[in-house]
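Subject: Structure handover

Hello,

Here is the structure I said I would pass on. Please look it over before reading my notes below.

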Amino acid sequence: MPAQESRPTMHIPETTSHTIAPRADGHGREGTLRYLKAGSGAPLVLLHTVRTQAEHFRHLVPLVADRYTVYALDLPGMGHSEIVPGASYDEPAMRAGVERLLTELDLHDVTLVGESMGAVLALTTAADLPERVRRVVAVNTYDFPGGIARSSLLARVVVGGVLTPGVGPVIAGVEPRPALRKILQGGLSDRTALREDYVDELLRVGARPGYPAVARAVYQALPTLVAARSRYPEVKAPVHLVYGEKDWSRPSDREANRRLLPAAAFTQIAEAGHFIALERPDVLADLLNAPA
């Protein structure tokens with residue numbers, strides 16, 4: 001991993017950490033990608049949410065590693081993947097990172113599981129690579145205007161400040177622990193599911209040189225996730241839409257996606273919020289481990 005990159009303070013048992021080098025034809029816009037690997041069996045790729053990383057799935061990985069070879073990716077510039085100055089963090093650029101994982105490792109028969117932003121990327125990657133993707137489990141797709149700003153007044157203030165011209169870069173570089181914790185808890189029905197060691201790890205990542213610029217660019221690019229909904233009807237693989245009852249999405253948002261994906265299975269999890277992988281990994285594991 002490049003010298004500028006930090007290393008995680010957390011370790012998921014039975015996982016190993018790996019990297020994918022930039023492609024020769026990446027024109028300097030690609031960085032090294034980091035991913036975690038565990039288990040054995042058909043490939044299952046996990047794609048995390050906004051402002052998190054592969055360790056977001058710390059509780060899910062052990063529950064599915066007996067059935068799958070699990071690959072949990074740090075999306076470009078996030079977690080412990082390399083930060084490339086001036087790189088794009090719009091939906092196509094992030095999707096390209098996911099597709100690099102599948103193509104560079106030559107994965108086939110893949111189950112793609114994404115949460116929030118990762119759910120959108122799972123669907124658009126499946127649209128691009130139908131020959132490699134077996135099915136998609138899209139958890140709380142982040143494809144509606146407002147997004148995290150719907151979670152709390154604090155989130156609206158912070159995200160709005162980060163996006164403000166002039167002062168935005170300064171605000172993006174300031175991330176007090178109480179504020180980060182409060183914003184993330186706004187995505188949980190059970191607030192105790194946010195563990196302090198995970199907050200420690202996220203703050204450590206947030207202190208990486210260049211990360212505030214990544215965070216701001218990701219928030220600026222969130223409308224491209226909304227625009228990516230137009231790709232959903234192209235998905236040929238079976239899709240399972242999963243929503244927390246208390247997710248930030250509204251019933252109208254969920255129904256709109258059901259209309260775009262009329263053949264998709266649909267599950268709503270009672271008393272769950274946006275970060276289901278943190279508070280109800282058992283439900284996701286049961287869904288993934290059930291006979292297809």
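This is a predicted model: local features need pLDDT of at least 70, side-chain atom pairs count only at pLDDT 80 or more; totals for chains, interfaces and linings use all residues.

Strands. Strand β2 (residues 33-39) is largely enclosed by the rest of the structure, because five of its seven residues are buried. It pairs with strand β1 (residues 16-20) in the antiparallel sense over five bridges, and L33 of β2 is the bridge partner of I20. β2 also pairs with strand β4 (residues 68-73), again antiparallel and over five bridges; there, A38 has V70 in β4 as its bridge partner.

Helix α6. In helix α6 (residues 177-185), A179, L180, I183, L184 and Q185 are buried. Their cover includes α4 (153-163) and α7 (196-206).

Salt bridges. The whole structure has 20. One of them joins R34 to E55, with the closest N and O atoms 2.5 Å apart. This pair links distant parts of the chain, since R34 lies in strand β2 and E55 in the loop between β3 (42-47) and α1 (61-64), 21 residues apart. Both R34 and E55 are buried.

E91 and R95 form another, at 2.8 Å from N to O. They are four residues apart in helix α2 (residues 91-104), so about one helical turn separates them. Both E91 and R95 are buried.

R132 and D106 also meet in a salt bridge (3.1 Å, N to O). R132 counts as buried because its relative accessibility is 12%, whereas D106, at 48%, is partly exposed. Finally, salt bridges with shared partners join E91, R95, D128, R231 and E234 into one network.

Regards

Conventions
Residues are numbered from 1 along each chain as its sequence is written. Side-chain values use heavy atoms; hydrogens and water are left out. Buried means under 20% relative accessible area, exposed over 50%, partly exposed in between (1.4 Å probe, protein chains only). Helices (H or I, at least four residues) and strands (E, at least two) are DSSP runs, numbered from the N terminus. Contact means heavy atoms within 4.5 Å. Two strands pair if DSSP finds at least two bridges between them. A salt bridge is a side-chain nitrogen of Lys or Arg within 4 Å of a carboxyl oxygen of Asp or Glu.
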